[in-house]
Amino acid sequence: MERARSDLTRRRLLRGAALAAVPYALLPDARAGAGTQAVDHPSAEWQPATASNYTVSGRPSSYSVDRVVIHVTQETYNDTLSIFRNPQKQVSAHYVVRSADGHVAQCVREADVAWHAGNWGYNTRSIGIEHEGWVDRPAYFTDAMYEQSAGLAAAVCGAYGIPKDRTHIIGHYEVPGSDHTDPGPNWDWVRYMRLVDLA
């Protein structure tokens with residue numbers, strides 16, 4: 001009996017040592033699996049907003065989707081994700097695009113209503129895309145950001161049959177009742193819409 005217990009302990013030790021020898025990067029990441037399944041856009045990373053900051057829905061059955069709203073965060077990428085995770089902030093967007101490399105985070109499923117436009121009717125009918133940066137700092141609007149965002153906007157338009165034009169891809173400042181100015185005067189709409197068309 002004592003020998004059997006000793007063998008069992010030895011086996012556990014060996015198994016633990018073997019697991020410790022496996023590089024961490026080769027182990028499955030529980031978050032990665034969930035993130036891959038949750039995203040609507042294939043190249044996005046799932047970075048969920050708190051459920052307190054959006055409305056669960058069943059779009060497009062519950063509300064038709066016919067707009068894309070372009071925003072600028074007035075924050076860093078990481079701070080924006082933190083704000084969306086804070087239940088006291090009561091704000092979210094479907095996507096956030098990072099300045100440096102155009103990396104896309106999805107924070108709210110497209111089927112759900114993100115709280116981004118400041119107008120309930122526009123929230124129910126639109127997909128919100130935030131861009132890291134400040135409206136008065138054009139250096140944040142990098143080639144990578146424009147390209148990845150335009151690809152995302154084109155994919156959203158394709159998924160919902162939204163025309164790729166300035167009537168349907170709008171700035172936050174164009175939402176009725178909005179007091180926001182984003183994406184601001186430094187956002188190159190001509191370039192952006194050309195990239196959306198080409199995507």
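Author: In this predicted model, S1 and strand S5 (residues 104-106) pair in the parallel sense.

Reader: What makes S1 and S5 count as paired?

Author: Two bridges link S1 and S5. Pairing requires at least two bridges between the strands, so S1 and S5 qualify as a pair. Within S5, Gln-106 is the bridge partner of Trp-46.

Reader: In what order do the strands of the sheet follow one another?

Author: The order is S1-S5-S4-S7-S3-S8, in an open sheet of six strands with mixed pairing.

Reader: Why are strand S1 (45-46) and strand S8 (169-171) said to stand at the edges?

Author: Each has a single partner strand, so one side of S1 and one side of S8 lack a neighbour in the sheet.

Reader: Which helix packs on the sheet and touches S3, S4, S5, S7 and S8?

Author: That is helix H5 (residues 143-160), whose direction makes about 175 degrees with that of S7. Helix H6 (residues 189-198) lies across S3 and S8, at about 155 degrees to S8.

Reader: Why is Asn-123 called buried?

Author: Asn-123, found in helix H4 (residues 120-125), has 5% relative accessibility. Buried means under 20%, so Asn-123 counts as buried. Leaving aside neighbours within four places in sequence, Asn-123 is in contact with residues including Arg-59, Val-113 and Trp-115.

Reader: How far from the backbone nitrogen of Ala-117 is a polar atom of the Asn-123 side chain?

Author: The distance is 2.8 Å, to be set against a polar-contact limit of 3.5 Å. Ala-117 is also among the residues in contact with Asn-123.

Key: Residues are numbered from 1 along each chain as its sequence is written. This is a predicted model: local features need pLDDT of at least 70, side-chain atom pairs count only at pLDDT 80 or more; totals for chains, interfaces and linings use all residues. Side-chain values use heavy atoms; hydrogens and water are left out. Helices (H or I, at least four residues) and strands (E, at least two) are DSSP runs, numbered from the N terminus. Contact means heavy atoms within 4.5 Å. Axes are lines fitted to C-alpha atoms, for helices over the stretch in contact, and angles run from 0 to 180 degrees between N-to-C directions. Buried means under 20% relative accessible area, exposed over 50%, partly exposed in between (1.4 Å probe, protein chains only). A polar contact is a pair of N or O atoms within 3.5 Å; within protein, one must be able to donate a hydrogen and the other to accept it, and residues adjacent in sequence count only if both atoms are side-chain atoms.
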